[in-house]
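User: Could you walk me through this model, one question at a time?

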Amino acid sequence: MASKRGEMKRYSLELPVELFDEIRRIAHEQHTTVVDVIRKFIKLGLAIEKTPDNTLYIREGKSLCRLILL
């Protein structure tokens, strides 16, 4: 079945309940779907994975966490 974005593939994914609940919470806050949140995080992970020695910064309020990806 084709879509506007092109051909799609289906994959069944099992997640721990706590992780799924967190994804659902994020989707609710962003007024989007769980599937869209999962796709967004997969794309982010793939972008990070493509370039070795990346640095990822995560901001929570006034705190900044630096992650160095090897």
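Predicted model: local features only at pLDDT ≥ 70, side-chain atom pairs only at ≥ 80, totals over all residues.

User: In what order do the elements of the chain run from the N terminus on?
Analyst: Helices (H or I, at least four residues) and strands (E, at least two) are DSSP runs here, numbered from the N terminus. The chain has two helices and four strands. Their order from the N terminus is β-β-α-α-β-β.

User: What radius of gyration does the chain have?
Analyst: The radius is taken over C-alpha atoms, and the globule rule is 2.2 Å times the number of residues to the power 0.38. The C-alpha trace spans about 40 × 30 × 25 Å along its principal axes. For 70 residues, a compact globule would come out near 11 Å, but the chain has 15 Å.

User: How much of the chain is made up of buried residues?
Analyst: Buried means under 20% relative accessible area, exposed over 50%, and partly exposed in between (1.4 Å probe, protein chains only). The accessible surface, from the Shrake-Rupley method with a 1.4 Å probe and only the protein chains shown as cover for residues, comes to about 6,900 Å², and 57% of that belongs to carbon and sulfur atoms. Of the 70 residues, the buried share is 9%.

User: And what share of the contacts comes from residues 24 or more positions apart?
Analyst: Contact means heavy atoms within 4.5 Å. Counting the contacts with a separation of 6 or more, residues 24 or more positions apart account for 5%.

User: How far apart do the centres of the positive and negative side chains lie?
Analyst: Lys and Arg count as positive and Asp and Glu as negative, while His and the chain ends are not counted. Each charge is placed at NZ of Lys, CZ of Arg, CG of Asp or CD of Glu. There are 13 positive and 10 negative side chains, and the centres of the two sets are separated by 8 Å.

User: How many salt bridges are there?
Analyst: The rule asks for a side-chain nitrogen of Lys or Arg within 4 Å of a carboxyl oxygen of Asp or Glu. One of them joins Glu7 and Lys9, with the closest N and O atoms 3.9 Å apart, and both residues are exposed. The total by this rule is five.

User: Which residues are linked with Arg25 in a network of salt bridges?
Analyst: Arg25 is partly exposed, because its relative accessibility is 36%. Its salt bridge with Glu29 has the closest N and O atoms at 2.4 Å, and the two are four residues apart in helix H1 (residues 17-29), so about one helical turn separates them. The residues linked with Arg25 in the network are Glu22 and Glu29.

User: Which residue forms a salt bridge with Asp36?
Analyst: Asp36 is partly exposed at 28% relative accessible area. With the closest N and O atoms 3.6 Å apart, the partner is Arg39.

User: Where is His31 found?
Analyst: Most residues other than glycine have a negative phi. His31 isn't a glycine, yet its phi is positive, about 55°. His31 is exposed, with a relative accessible area of 74%, and sits in the loop between H1 and H2.

User: Which residues does Val34 touch, not counting those up to four places away in sequence?
Analyst: Val34 is part of helix H2. Its C-alpha atom is 29 Å from that of Pro52, 18 residues away along the chain. The residues Val34 touches are Phe20, Ile23, Arg24 and Ala27.

User: Is Leu64 buried or exposed?
Analyst: Leu64 belongs to strand S4 (residues 63-69). Leaving out residues up to four places away in sequence, Leu64 touches Tyr57, Ile58 and Arg59. Because its relative accessibility is 57%, Leu64 counts as exposed.

How values were computed:
Residues numbered from 1 in each chain as written. Heavy atoms only, no water.
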